[in-house]
Amino acid sequence: MMDLIDFGTLETGYGVWNALYWLLSLGVLFLIVYFIYWRGEKTVKTSKDQGRPFLAGSVTSKEKTHVKASNVYWGFTEALKGYYVPSQKGHTGNVNDYISWFILVLAVMMILIGGL
Amino acid sequence: MYILRSVLGPFVVAFIGIFFGLLYKGVDRILHARMQKRVGPPVTQPFLDVRKLLIKENLVPENAVDWLFNLMPVLSLVSVTSILLYIPLGFEPLLSTKGDLILILYLLMLPAICLMVGAFASSSPYATVGAQREMVMMISYEFPLAVTIISMVWRLSKVHAASNLFTLEYISTHPLWGEVGVFGAIGLVILLVVLLTVIPVELSRVPFDIPEAESEIAGGLLAEYSGKNLAMFYMSDAVKAIVMAGLVVALFFPYTISQYFGWPLYLEYIIDFAFFLVKTFIIVFVSVTVVRTAFARYKIDQVTYVFWVPVTVASLIGLLLLYLDVIL
C-alpha cells in the first residue's frame, strides 16, 4: 500500500513527526482499549454513602473536602527554598525595581549573544 | 505501508505492552518478595488482579466529573501504548520514520496528565493531594530526562550527519559506545545512571510512590478508582514499565544477536525480540525491583531536591563530558 498521507510529515532537520499516522494509530488503540473496558462490569454503584466525600474518618460536606490550590507546589518551593526566598525579596511591588531588573537582564543577554 | 502499520501495529504493541508488562509485574512481585524472605504471589497474580477488577462494579464518587473520571483511565492506557509504536522492540519501530524522541518525551507525559486529571475529577481530597504531588514530581524529573536525551543526540550529531538523528531507529542502529573516547564513555555511564534514576519516579514506584502513598493519603491519585477504571490504570502502569525500559535499551543497549546465528528471517525476529525482553527485564529488575526493595519512600520536597540538584547536576556533568570528548 502506498504512503497516501505522507504529506503531513514535519521534518525539522534533526527529527520527524507525522501527526496523521499518530492519530490513526491512536484511534485504533482507542478501539482496542475501549473493547477491553467495555468487556468489564457495566453496573455502576450508586449507594449514597460509598460515593460521598470522605475525610478523617467521617463523611463530611463537599466544601470541607476542598484542598487549597496554594498547596500545589508546596514540595517544589520547599525543596528550592534557597532560590525562592531571595527571589521573593526581589518582588518589592515597585515598578522602578522591575524595570531596572529588565534592563539589567537585557544588557547581560545582549552582551552574551553579541559576544558569542 | 505505514498506513497498514498504523492500523495493525496497535494490535501488536497492545498485546506486547499489556501481556509482557503484566508478566514483568508478576516477576517483579515475586523477586521483591524473595528479597524480603517471603514466598510472594504467583507470577500470574497481575493477570488475576486485572480479571478481578474487570468483574468488579465501578464506583463513581458523588461529586465527581463523571465523563472525565471515566475517560482518563482509557486515555492513559491508549497514550502509553502508542509510545511502543516508536520504540524498537528488537526489530525496527513500527512507525520508525514517523516520530522521534521529542514526540516520545511529550507522549511520556500524557499518562501522568491523565492520572492527574482523573484524580482532580474525582473530587476526593486524597486524590487532589496525590495529583498535586504528581505535578511536582513531573516538573522535577522532566529536566534531567530531557538533558540526557538531548545530550546523546547532540553527541551523535557530531559523528553522523543525518536528517533523522532524533528517531530511535537511527539512534539504535548507531550505538554511541563505539564512537566516543574515555570522557565520552564516562559521560554516557553518568547519563545511563540518570536515566535509570528517572525510571522509578516515572513509574511512581517506591521510593517515589509519593502521589499514591497508601499509608499517608490512602492511595492518593487512585483513592476513588475501582473496577474497570482501576484496571485501565493498572495496565497502563505495566505498559509504562516496558516503555521506559525499552527507551533505555534503545538509547544505551540497542545491540542484537540474530546476526551470529544465520537463521531464517522470521527466527531472527523472534530471537531479537526475546533478547530485547531479556534486556528490558534486566533494566526493570535493576531500576525498579532492587530499588523498591532497598529504599523507603521519600518526601515530596526531597524528590524535588534530588531531581533538581544532584540528578540534574549529574546529567549536566554527563553533557559536559560528552562536550569535552568532542573538543579534546
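Because the model is predicted, local features need pLDDT of at least 70 and side-chain atom pairs count only at pLDDT 80 or more, while totals for chains, interfaces and linings use all residues. Residues are numbered from 1 along each chain as its sequence is written, and chains are lettered from A and ligands numbered from 1 in the order in which they are written.

**Chain B as a whole**

Select chain B and display its C-alpha trace, which spans about 60 × 45 × 45 Å along its principal axes. The radius of gyration is 20 Å, in agreement with the value near 20 Å for a compact globule of 328 residues; it is taken over C-alpha atoms, and the globule rule is 2.2 Å times the number of residues to the power 0.38.

Switch to a cartoon to see 12 helices and 1 strand. Helices (H or I, at least four residues) and strands (E, at least two) are DSSP runs, numbered from the N terminus. The order from that end is α-α-β-α-α-α-α-α-α-α-α-α-α.

Of the 328 residues in chain B, 54% are buried. A residue is buried if 20 or more other C-beta atoms, placed from the backbone, lie within 10 Å of its own.

**The nonpolar core**

Next, select Ile87(B), Met235(B), Ala241(B), Val243(B) and Val248(B), which have the most contacts inside the largest nonpolar core, a set of 114 residues. Such a core consists of buried Ala, Val, Leu, Ile, Met, Phe, Trp, Tyr and Cys residues joined through C-beta atoms within 7 Å. Helix 9 of chain B (residues 227–252) gives the most to this core, 19 residues.

Centre on Ala241(B): beyond four places in sequence, its contacts (C-beta atoms, placed from the backbone, within 7 Å) are Gly21(B), Tyr24(B), Leu203(B), Val284(B) and Val288(B).

**Gly318(B)**

Move to helix 12 of chain B (residues 310–327), where Gly318(B) is found. Gly318(B) is buried because 27 other C-beta atoms lie within 10 Å. Leaving aside neighbours within four places, Gly318(B) is in contact with Ser151(B), Gly187(B), Ile190(B), Leu191(B) and Val194(B). Select Thr148(B) as well: its C-alpha atom is 7.9 Å from that of Gly318(B), although 170 residues separate the two along the chain.

**Where chain A meets chain B**

Finally, display both chains: 45 residues of chain A are in contact with 58 residues of chain B. Helix 1 of chain A supplies the largest share of the chain A side, 13 residues.

Definitions and conventions: Contact = placed C-beta atoms within 7 Å. Buried ≥ 20, exposed ≤ 12 C-beta atoms within 10 Å, placed from the backbone.
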